[in-house]
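The stops below are given in the order in which to select them.

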Amino acid sequence: FTWQDFYWVYIFAATLGFSTALAEPSLIAVAMKANAVSAGAIGVVGLRVAVAIGAGIGVSLGCLRIITGLPLPYFIAAGYFIVIVQTMAAPKEIVPLAYDSGGVTTSTVTVPLVAALGLGLADAVPGRSPLLDGFGVIAFTALFPIITVLAYGQLAMLRERMSKSKLTGNNSR
């Protein structure tokens with residue numbers, strides 16, 4: 001088998017990660033509080049969707065790691081390298097919220113389902129050990145929302161700059 005043969009697993013994993021994060025009670029509470037504290041600048045739905053997209057990507061990538069058997073530290077190191085680079089470019093107001101988004105994603109709804117997926121997948125894939133390969137998906141689920149929330153902040157900053165540019169008539173061609 002090849003890693004491409006498991007495309008349906010990646011789709012299922014992304015859907016599971018997205019939907020469980022979106023339903024996470026702690027994320028709902030944090031999004032509502034962030035909206036209130038930012039006077040509406042951070043949208044409740046926008047933040048929840050940004051976190052859920054990150055969780056979906058993380059769970060799917062975690063499944064890819066289990067299927068391929070590649071070492072977990074390589075993925076985590078690459079992910080945190082991206083986080084460090086994004087942190088330097090993101091608006092400073094969004095950075096603490098982005099870092100906390102990983103933690104609120106991995107709570108009562110997400111962890112049991114994602115852990116069961118990782119352990120079950122490692123048990124089902126020939127040559128994989130649930131003990132050695134089945135764990136680590138939660139780390140991906142916590143890491144990738146940081147990346148997507150930082151991207152959400154960067155896109156909001158870009159959108160604001162573009163709207164200011166249009167208002168002042170600074171269209172450079």
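Which residues form one aromatic cluster? Select Phe75, Phe140 and Phe144, and the cluster is on screen. Keep in mind throughout that this is a predicted model.

**The whole chain**

Zoom out before going further. The chain has 8 helices and 0 strands, in the order α-α-α-α-α-α-α-α along the sequence. Its C-alpha trace spans about 60 × 40 × 25 Å along the principal axes. Of the 173 residues in the chain, 39% are buried.

**Aromatic pairs**

Next, show the aromatic rings. The whole structure contains 3 aromatic pairs. One of them joins phenylalanine 6 and tryptophan 8, with 6.4 Å centre to centre and 35 degrees between the planes, a tilted arrangement. Is phenylalanine 6 buried or exposed? Its relative accessible area is 12%, so phenylalanine 6 is buried, the cut-off for that class being under 20%.

Colour by accessibility instead: phenylalanine 75 counts as buried at 16% relative accessibility, and phenylalanine 140 counts as buried at 0%.

**Threonine 141**

Stay in helix α8 and select threonine 141. Threonine 141 has a relative accessible area of 0% and is therefore buried. What lies 2.8 Å from a polar atom of its side chain? Display the backbone of valine 137: the atom in question is the backbone oxygen of that residue.

**Helices α3 and α8**

For the last stop, select residues 44-68, helix α3, together with residues 137-168, helix α8. The two helices pack with their axes 7 Å apart, at an angle of about 140 degrees. Because angles over 145 degrees count as roughly antiparallel and 65 to 115 as roughly perpendicular, α3 is classed as oblique to α8. The crossing of α3 past α8 is right-handed. Colour the contact of α3 with α8 by residue class to see 15 nonpolar, 6 polar and 1 charged residues.

Notes. Residues numbered from 1 in each chain as written. Predicted model: local features only at pLDDT ≥ 70, side-chain atom pairs only at ≥ 80, totals over all residues. Heavy atoms only, no water. Axes fitted to C-alpha atoms, helices over the stretch in contact; angles between N-to-C directions. Helix = DSSP H or I, 4+ residues; strand = E, 2+ residues; numbered from the N terminus. Parallel < 35°, antiparallel > 145°, perpendicular 65-115°, else oblique. Left-handed = near helix turned anticlockwise from the far one by under 90°. Nonpolar A, V, L, I, M, F, W, Y, C, P; charged D, E, K, R; others polar. Phe/Tyr/Trp six-rings, centres within 6.5 Å; stacked < 30°, edge-to-face > 60°. Buried < 20%, exposed > 50% of the residue type's maximum accessible area, 1.4 Å probe, protein only. Polar contact = N/O pair within 3.5 Å; in protein donor to acceptor, adjacent residues only side chain to side chain.
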